[in-house]
Amino acid sequence: MADAETVMRATDPLDLTFSEAELEAHREHITAFIEDQLDAAGVDRVVMGLSGGIDSTLVSHLAVEALGAEAVHGLVMPSEVNAADNMSDAERVANDLLGIDYDVIEINPLVDAFLDAYPDAEGDQLAVGNLRVRCRAVLNYLVGNHENALVLGTGNRSEALVGYYTKYGDGAVDCHPIAGLYKQQVRQLAKHVDVPDDLAEKTASAEMWSGQTDAGEMGMTYDTLDSILALHIDGGVPKDATADHIGVPPSVVDQVREMYESSAHKRAMPPGPDPLY
């Protein structure tokens, strides 16, 4: 994991912000998508995890706009590594900003039970971090099945393209309403729907372990990542031209390309052999 001094920052990142008309179009498109997903499933409720981060905060706002507060059930699922401020923000979103029903469920007992069953994994930071995320997914679906509700995901375009999520963890949902938005666009749309600035601009962290930040783990800021994804991965601009345009070494573009290619399995169904007949 990179420290604050070694996190790569593009000197001239790409501006991916929307116009006011585009923001409204995305707002309407996403709320309609949420309604359509419920209609197709024949249900009238959703459940989702609330982390206090900007992705879950934006999705919960749009879900309430699409369905009404009474149709959205939030789950705040802290563990021993979660910052108290983030859990307070999650409850603030549910209680003060949106007025939705929510439950607080501690996941430490679940994590401990798994480690008691398989103590060899104790101390493996990545494995245990992913376990925490997968425990939350199980709880989302326990509540979702019990209430006949869809599980809303909070994944964005930036994270999906580089596999920055836990397979069968935060990637295990029924739909991702903000899947088409780069991270800087998530922040912009959040402000457009009146998410407070302190939530929209807070440091992103998956909180898989204490002190973890997204930029530190990836080794670059989201503005840098978004720029490379939009130009090189999605846009097909050559590596050197991308690097020169935003002001990073070509090796950073290579790094993002490697993250994109190595995470392809996360964006596909598990493979099986072709039928013999």
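This is a predicted model: local features need pLDDT of at least 70, side-chain atom pairs count only at pLDDT 80 or more; totals for chains, interfaces and linings use all residues.
Local features were taken at pLDDT of at least 70 and side-chain atom pairs only at pLDDT 80 or more, whereas totals for chains, interfaces and linings use all residues. Residues are numbered from 1 along each chain as its sequence is written, and side-chain values use heavy atoms, with hydrogens and water left out.

We may begin with the interior. In soluble globular proteins, nonpolar side chains tend to be buried together. Here the largest nonpolar core has 38 residues, a core being a set of buried Ala, Val, Leu, Ile, Met, Phe, Trp, Tyr and Cys residues joined through side-chain atoms within 4.5 Å. Ile34, Leu58, Leu62, Ile178, Leu181 and Leu189 have the most contacts inside this core. Two or more residues each come from α1 (20–41), β1 (46–49), α2, β2 (72–76), α3 (84–98), α7 and α8 (197–200); helices (H or I, at least four residues) and strands (E, at least two) are DSSP runs, numbered from the N terminus. Helix α2 gives the largest share, eight residues. Leu58 touches Ile178, Leu181, Val186, Leu189, Ala190 and Val193, leaving aside residues up to four places away in sequence; contact means heavy atoms within 4.5 Å. A second, separate core of 23 residues includes Leu16, Met218, Ala230 and Leu231.

Helix α2 (residues 54–67) also holds Ser60. Ser60 counts as buried because its relative accessibility is 0% (buried is under 20% relative accessible area, exposed over 50%, partly exposed in between, with a 1.4 Å probe and protein chains only). A polar atom of the Ser60 side chain lies 2.8 Å from the backbone oxygen of Thr57. Beyond four places in sequence, Ser60 touches Met48, Leu50, Val93 and Leu98.

Two loop residues complete the picture. Asn148, in the loop between α5 (125–147) and β4 (150–151), has a positive phi of about 55° although it is not a glycine. Asn148 is partly exposed, with a relative accessible area of 48%. Asp194, in the loop between α7 and α8, likewise is not a glycine but has a positive phi, of about 75°. Asp194 counts as exposed, at 62% relative accessibility.

Conventions. A polar contact is a pair of N or O atoms within 3.5 Å; within protein, one must be able to donate a hydrogen and the other to accept it, and residues adjacent in sequence count only if both atoms are side-chain atoms.
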